[in-house]
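Please open the model in your viewer and keep the selection tool at hand. The stops below say what to select next and what is there.

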Amino acid sequence: MKDVSSEIQMFGCTEEQLAAIVKRQCFPGMELMFAAGILSDAQEAMSGEYGEPDVETARQFINRAKHIMFSLMKDEREAE
């Protein structure tokens, strides 16, 4: 059984919600660029350019990007 609360703590959403976000906002084949955009969001959150630096949100953005990249690598390995 999945621990939804740990997913929310890690990503700021569930894995299922993250997959839906990627599907809704990302063109097929552009997932890596989408992950890079999320990393840019993390940099912005850490910079405090628009207020206080938000390390927790930045951490969640980084975890989202890593999850997307690792999912892509897993899909590639399974396709071989």
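Select Glu56 and Arg59 and display their side chains, which meet in a salt bridge with an N to O distance of 2.5 Å. A salt bridge here is a side-chain nitrogen of Lys or Arg within 4 Å of a carboxyl oxygen of Asp or Glu. The model is a predicted one: local features need pLDDT of at least 70, side-chain atom pairs count only at pLDDT 80 or more, and totals for chains, interfaces and linings use all residues. Residues are numbered from 1 along each chain as its sequence is written, and side-chain values use heavy atoms, with hydrogens and water left out.

Both Glu56 and Arg59 belong to helix α4, where they sit three residues apart, about one turn of the helix. Helices (H or I, at least four residues) and strands (E, at least two) are DSSP runs, numbered from the N terminus. Glu56 counts as partly exposed because its relative accessibility is 40%, and Arg59 is also partly exposed, at 31%. The classes are buried (under 20% relative accessible area), exposed (over 50%) and partly exposed (in between), with a 1.4 Å probe and protein chains only.

How many salt bridges does a search of the whole structure find? There are two. For the other pair, select Lys74 and Glu78, whose closest N and O atoms are 3.9 Å apart. Glu78 is exposed, with a relative accessible area of 55%, while Lys74 is partly exposed at 45%.

Stay in α4 and select Arg64. Is Arg64 buried or exposed? Arg64 is buried and has no salt bridge; Asp41, the nearest side chain of opposite charge, is 7.1 Å away. For charge, Lys and Arg count as positive and Asp and Glu as negative, while His and the chain ends are not counted. Side chains of opposite charge can pair when their charged atoms come close. Now show what surrounds Arg64: apart from neighbours within four places in sequence, it is in contact with Phe11, Gly12, Cys13, Leu18 and Ile38. Contact means heavy atoms within 4.5 Å.

Switch to a surface view and select Phe27, Met30 and Met33, which make a nonpolar patch of about 380 Å². Patches are made of residues with over 30% relative accessible area and no salt bridge, with like charges joined within 9 Å and nonpolar side chains (Val, Leu, Ile, Met, Phe, Trp, Tyr) within 5 Å. Met33 is in α3 and counts as exposed, at 56% relative accessibility.

Thr14 is in the loop between α1 and α2. Thr14 counts as buried because its relative accessibility is 14%. Leaving aside neighbours within four places in sequence, Thr14 is in contact with Val4, Glu7 and Ile8. Move to Gly51, in the loop between α3 and α4; this glycine is partly exposed at 41%. Draw a distance from the C-alpha of Gly51 to that of Leu39, twelve residues away along the chain, and the separation is 18 Å.

Finally, zoom out. The protein has four helices and zero strands, in the order α-α-α-α along the sequence. Its C-alpha trace spans about 45 × 30 × 20 Å along the principal axes. Of its 80 residues, 25% count as buried.

Note on methods:
Areas by Shrake-Rupley, 256 points an atom, 1.4 Å probe, with all protein chains shown as cover.
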